[in-house]
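Please look over the sequence and the structure shown below before reading on. The paragraphs after it go through the parts in turn.

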Amino acid sequence: MKLENEDALDDYIICRRCHTLHKEIAIKERAKACCTRCGNVLYRYDSQLTEHGLALSISGLILFILANSFPLVKIEILGHEQFITIPKTIWSLFTNDFYFVGFICAFLIFIFPMMIFLINSLLFALLRSKKGENITKEMLVILSHIMPWSMSDIFLVSILVALVKLVGYAQINMGVSFWALIGFVLLDLYMTRTLHTYEIWMLRKRVFTQEDRDDRS
Amino acid sequence: MIEVDEENLIRCHVCEAVNIDRGPNKKCRRCGSILYRGQKYTTHKSWAYLITAMIAYIPANLYPMLVTQQFGAATSSTILGGVVTLWEHGSYPIALVIFFASIVIPILKFLILIYLLVSVKYPLGRDKRVNKYKLYYLTEIIGPWSMIDVFVVAILAALIHLANIHIIAGTAATAFSLSVFFTLLAAHAFDERLIEGER
Ligand SMILES: [Zn+2]
Ligand SMILES: [Zn+2]
């Protein structure tokens, strides 16, 4: 295999599922390129990635705030009304002396999901205004470290499991935050499926190499 | 012009950039993360995390996960006990979900990681037929789902605390989260680059 220089390796991609090497080819707008060996989506092409990314990240952030500000579920049991919010669930672990579990849950369902959307919003805003070549790099590195540790989707399924366990003992009402959480999880899934790390790095490269050229001319 | 062998191309686990493998401790050309941790302790670190995870998994199954205090009397149930109770009450789907999340996934993940860690050091005869990258990818995808039971307990404990009825988390919740935490660390510490000759 012959290459012009090391940067030419950017035209190649290794499938994250089966590790087959592929050469990047130009694809149509909104189309996706799949791995020939395992069918995994390698990358997509979206000429308005910055705008879409920014819009999705900010909507996610708003949904996250909603999901944390109101009751998730209200139940009526033996004439008493009880409700939970995400912060209250975490807090009650601490007040019951389950510090380690509380700590883990705080990161998995609160701090990391929030950080991901905050960083994404800032990142796309910076890319849009073509600023911060180094900080965007650091942000992308942090993102790829914390993404596997964000578990909002699993928490949502856990709420459903917990409620099924209570059916028959209590009257259950869904709160505003429950619907916001569903929206947040769907958006999160959509973003991880459509905005791959690879595409954002390539976007960053396009943004800043263009900048260089503009400066020189 | 430079000439590279395709076998010598590796993927950065942080930014996914394709890099030329130039030996141990080289940094990724794009994001600067360490690419190839070729030292001896690479598998040692992963083994240490994995063994901690497996040790924590024992009390996670022996101690109660959930304690219900009803009118002064406390009843507690372990993970497996909880699954059996759910099954007996006819909640088959939930029983299956908890069974898979708390028993099948952790054990499967231990076995896959043990297999991967052993096979990178001592290749077994039939190894060629198994795509180890896919196995590793599988552990990354299914691993986090084992947290379901811990979240369920946290939700129930936060939701049910009346004057006469309390639900509190049991010791197993801590042991189980420790186990999941260390399994995830073990998987992350495992260098994908150690799986060779599979392309
Ligand atoms: Zn593939
Ligand atoms: Zn990299």
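Predicted model: local features only at pLDDT ≥ 70, side-chain atom pairs only at ≥ 80, totals over all residues.

Residues are numbered from 1 along each chain as its sequence is written, chains are lettered from A and ligands numbered from 1 in the order in which they are written, and side-chain values use heavy atoms, with hydrogens and water left out.

Chain B has six helices and six strands. Helices (H or I, at least four residues) and strands (E, at least two) are DSSP runs, numbered from the N terminus. Along the sequence of chain B, they come in the pattern β-β-β-α-β-β-α-α-α-α-β-α. Chain B contains 199 residues, and 51% of them are buried. Here buried means under 20% relative accessible area, exposed means over 50%, and partly exposed lies in between (1.4 Å probe, protein chains only). The accessible surface of chain B is about 9,300 Å², and carbon and sulfur atoms account for 63% of that surface. Such areas come from the Shrake-Rupley method with a 1.4 Å probe; for residues, only the protein chains shown count as cover. A contact means heavy atoms within 4.5 Å. If one takes the contacts in chain B between residues at least 6 apart in sequence, 60% join residues at least 24 apart.

Now to the sheet in chain B. Three of its strands form an open antiparallel sheet in the order β5-β4-β6. Two strands count as paired if DSSP finds at least two bridges between them. The edges of this sheet in chain B are β5 (73-77) and β6 (165-169); each has a single partner strand, so one side of each is left without a neighbour in the sheet. On average, neighbouring strands here are turned by 20° against each other, direction ignored. For such angles, axes are lines fitted to C-alpha atoms, for helices over the stretch in contact, and the angles run from 0 to 180 degrees between N-to-C directions.

Strand β4 (residues 66-70) of chain B is joined to β6(B) by five bridges, and the two run antiparallel. In this pairing, B:Leu66 lies opposite B:Ala169. Five bridges also link β4(B) with β5(B), again in the antiparallel sense. There B:Gln70 has B:Ala73 as its bridge partner. The hairpin of β4(B) and β5(B) has two residues between the strands, and B:Phe71 takes a positive phi near 45°. Strands of a sheet pair through backbone hydrogen bonds, either parallel or antiparallel.

Chain A also has an open sheet of three strands, with antiparallel pairing and the order β7-β6-β8. Its edge strands are β7 (80-84) and β8 (171-174) of chain A, each pairing on one side only. Strand β6 (residues 73-77) of chain A pairs with β7(A) over five bridges in the antiparallel sense. A:Glu76 stands opposite A:Glu81, and the bridge partner of A:Ile75 is A:Gln82. The hairpin of β6(A) and β7(A) has two residues between the strands, and A:Leu78 in the turn has a positive phi of about 50°.

Which residues touch the most other members of the largest nonpolar core? In this core of 112 residues, they are A:Phe155, A:Ile159, A:Leu181 and B:Phe151. A nonpolar core is a set of buried Ala, Val, Leu, Ile, Met, Phe, Trp, Tyr and Cys residues joined through side-chain atoms within 4.5 Å. Helix α3 (residues 99-128) of chain A gives the most to this core, with 13 residues. Leaving aside residues up to four places away in sequence, B:Phe151 touches several residues of chain A, among them A:Cys105, A:Met151 and A:Phe155.

B:Val97 sits in helix α3 (residues 92-121) of chain B. B:Val97 counts as partly exposed because its relative accessibility is 30%. Not counting residues up to four places away in sequence, B:Val97 touches A:Val161 and B:Ile148.

Over all chains, the search finds zero disulfides (a disulfide is a pair of cysteine sulfur atoms within 2.5 Å). For A:Cys34, the nearest cysteine sulfur is that of A:Cys35, 8.5 Å away. A:Cys34 is partly exposed, at 37% relative accessible area, whereas A:Cys105 is buried, at 1%.
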